[in-house]
Amino acid sequence: MQETEKIWFNGELVDWADAKIHVGAHALHYGSGVFEGIRCYETATGPAVFRLTDHLKRLSNSAKLLHMELPYSVEELRAASHEVIGAHGLAECYLRPIAFYGYGELGVHPGRNPVDVAIMSWPWGAYLGEEALTQGIRAKVSSWKRVGPNTIPHVSKATGIYLNSMLAVIEATQGGYDEAILLTDDGYVADGSGENIFLVKDEILSTPDLSASILPGITRDTVMEIAGALGYAVHERTIIRSDLHLADEVFMCGTAAEVTPVRSIDDHEIGPPGPITKAIQSTFFEVVRGRDERWSRWLDYAEKAPTPGS
Ligand code: PPE
């Protein structure tokens, strides 16, 4: 990763190299953390964070679902995000807030361990490579099932859940594919290792509903709104593997992956990025870079941010 100068850590900016935790930290042993991925994009009027408050509200909900009390409010974390962005002056960056049970006592019950909070920011280009955005990726349905709703709450973006994603993406890439698609225990399509998924059939978009153990993606929500504005119907519904194989177009979306076309699934050729995927992708990039007035409410501009501590 491309290092930057500072990391916001428990209320202050520290040097990148000094943002350390003890090996006895609870989160290291038990995966007891929650995190976010947020992008800040360059716009004509300076850097703007895309749906910052929505991401931080999800972080707060993720913590609540793990019985974790965040020591900072959403508004405080918003100011902290702007503080770390301001420290680097980058036109574009990825933000990674993380909250986790820190060092104190070991034992599965988190007990009185402190909750540590950090926000990193660094430049992160196209998640699956620049070519993925223009040519599409090859995906494979994983033999690993998505963690079920009564195993770990999937609505929480919890660090521990990502072992599930990690195994799936290792399997996919070892098999020569770019990304994994996970099914639920019942065999319905859930999401990618780090993205939600959409298919297009006869000009109608479909995406798995929340009962399919998906992370309720903010990009997914963005795509649904864009698709609606472009005049396409979007169905949140149960999707089977065959629906993907027979789709006219498939794409994945997420903060890191943005809108990435999928050109084949399980070696079933879907084809190069289709017209609806391209329209949604290009509108998405217009929206995040502040070139579409209709969605200006989603942009949190860096220079309008409150001064820290004021
Ligand atoms: N599903 C999963 C499993 C997931 O990890 C993400 C985000 C999404 C869906 C899309 O959510 P959203 O970003 O709100 O649209 N994955 C984050 C972490 C990726 C990583 O490798 O780290 C991200 O995209 O930032």
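This is a predicted model: local features need pLDDT of at least 70, side-chain atom pairs count only at pLDDT 80 or more; totals for chains, interfaces and linings use all residues.
**Ground rules.** I number residues from 1 along each chain as its sequence is written, and I use heavy atoms for side-chain values, with hydrogens and water left out.

In the contact between them I count 24 residues from domain 1 and 22 residues from domain 2, taking contact as heavy atoms within 4.5 Å.

**Buried area.** The two domains bury about 1,900 Å² between them, and carbon and sulfur atoms give 61% of this. The value is the accessible area (1.4 Å probe) that two parts lose on being put together, summed over both. On the domain 1 side, I note that F35, Y41 and R58 supply 32% of the area buried against domain 2, more than any other three residues.

I find three salt bridges between domain 1 and domain 2, each a side-chain nitrogen of Lys or Arg within 4 Å of a carboxyl oxygen of Asp or Glu. Elsewhere in my list, R39 and E258 meet through their side chains in a salt bridge at 3.7 Å, N to O.

**Domain 1 face.** Which elements each supply at least two residues of the side of domain 1 that touches domain 2? I list β3 (33-35), β4 (38-43), α2 (52-65) and β6 (93-101). Helices (H or I, at least four residues) and strands (E, at least two) are DSSP runs, numbered from the N terminus. I sort the residues of this side into 10 nonpolar, seven polar and seven charged. Nonpolar means Ala, Val, Leu, Ile, Met, Phe, Trp, Tyr, Cys and Pro; charged means Asp, Glu, Lys and Arg; the others, Gly among them, are polar.

**Whole structure.** My search of the whole structure gives 18 salt bridges. In one, the side chains of R51 and D221 meet at 2.9 Å, N to O. R51 sits in the loop between β5 and α2 and D221 in helix α6 (residues 218-229), so this pair links distant parts of the chain, 170 residues apart.
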